[in-house]
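Here is a briefing on one protein model.

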Amino acid sequence: MAKSFGAESTTDEVLAGVDLRGKRILVTGASAGLGVETARALAACGATVVGAARDLDKARQATESVRAAAKNGGGLELVRLDLASLPSVRACADGLIAAGKPFDVIIANAGVMACPKGATADGFETQFGTNHLGHFVFINRLTSLLSRGSRIVNLSSAGHRFADVDLDDPGFERTEYQPFVAYGRSKTANVLFSVALDARLKDKGVRATAVHPGDPSGNPETTPLGSEIAGPPTRFAGTVNTSERYICSGSALRSPKRKGGVGEVGSAITSHAVSAESKSPRNSVRTFCARR
């Protein structure tokens, strides 16, 4: 990982020469898109990937490519996790703790975006409850399985700029619900969680970071997130497939030919810190990945 990567890098280029045999990596949302490709890229380099998904039947079908790519001792296990249900979150975490197998990396990839107003099983607004609170409980419950050198990668989004976290009205009880405002709140919460988690765990040698995952669905000008972000076309870090492209979180390139990339993969296998743009991390937060 000594060389630099940019918008023309692929997942396989980022992981070229990296031996992940003996590494155990947890990826949430391993039933579609970014989660499946993240799992594939890591398993192909020898990692044992534990994929968490709400629908295990869907996950089994979606991860055929992961099992096919696994080599050098790599493999895939699947566990059930519904981030919109805290009893499910606790049950999954407790099962992993009972198994007693440590993790080298946790990648909090799963999430929902700009959905209609709704509530989780526990009564929280759907996006805040799923994207932030579910992962918050899950990861905090699993810290006993992390040792010095472990990494936690939280997938935030450039969409964090849509809104700050509103702790006075998290459920939009007094505020008109806007899907991308709710999404922005949840993604800002992901960043702030990473900042706080890194501060609490770094003395133990465990580091946390947040990345923008990229655009998994095509041309950003025509996708929901891309159409909501004003200004020229941009691309950020992410994982889509080996033909897609990468740029490190916290910066952007204008109008490259490819979308997305491998931000979470790069963050998972290198030593990263996470920080905030301003002295007050509640305002104008942005994330960046920086080698120590």
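Buried means under 20% relative accessible area, exposed over 50%, and partly exposed in between (1.4 Å probe, protein chains only). Five of the six residues of S4 are buried, so this strand is largely enclosed by the rest of the structure. Helices (H or I, at least four residues) and strands (E, at least two) are DSSP runs, numbered from the N terminus.

This is a predicted model: local features need pLDDT of at least 70, side-chain atom pairs count only at pLDDT 80 or more, and totals for chains, interfaces and linings use all residues. Residues are numbered from 1 along each chain as its sequence is written, and side-chain values use heavy atoms, with hydrogens and water left out.

**Sheet**

- Six strands form an open sheet in the order S3-S2-S1-S4-S5-S6, with parallel pairing. Two strands pair if DSSP finds at least two bridges between them.
- Strand S3 (75–80) and strand S6 (207–211) are the edges, each pairing on one side only.
- On average, neighbouring strands of this sheet are turned by 15° against each other, direction ignored. Axes are lines fitted to C-alpha atoms, for helices over the stretch in contact, and angles run from 0 to 180 degrees between N-to-C directions.
- H5 packs on the sheet and touches S1, S2, S3 and S4. The direction of H5 makes about 140° with that of S3. Contact means heavy atoms within 4.5 Å.

**Strand S4 and its partners**

- Strand S1 (residues 24–28) runs parallel to S4, joined by three bridges.
- Leu26 has Ile106 of S4 as its bridge partner, and Val27 has Ile107 of S4.
- S4 and S5 also run parallel, with five bridges. Here Ile107 has Val153 of S5 as its bridge partner.

**Nonpolar cores**

- A nonpolar core is a set of buried Ala, Val, Leu, Ile, Met, Phe, Trp, Tyr and Cys residues joined through side-chain atoms within 4.5 Å.
- The largest core has 27 residues. Leu26, Leu96, Phe103, Phe138, Leu142 and Ile152 have the most contacts inside it.
- Elements that each supply at least two residues of this core include helix H5 (86–99), strand S4 (103–108) and helix H6 (126–142). H5 gives the most, with five residues.
- Phe138 touches Leu26, Thr28, Leu81, Val89, Cys92, Ala93 and Leu96, not counting residues up to four places away in sequence.
- Apart from this core lies another, of 19 residues, among them Leu20, Ile25, Val153 and Leu155.

**Cysteines**

- Cys45 counts as buried at 12% relative accessibility.
- Cys92 is buried too, with a relative accessible area of 7%.
- The count of disulfides (pairs of cysteine sulfur atoms within 2.5 Å) comes to zero.
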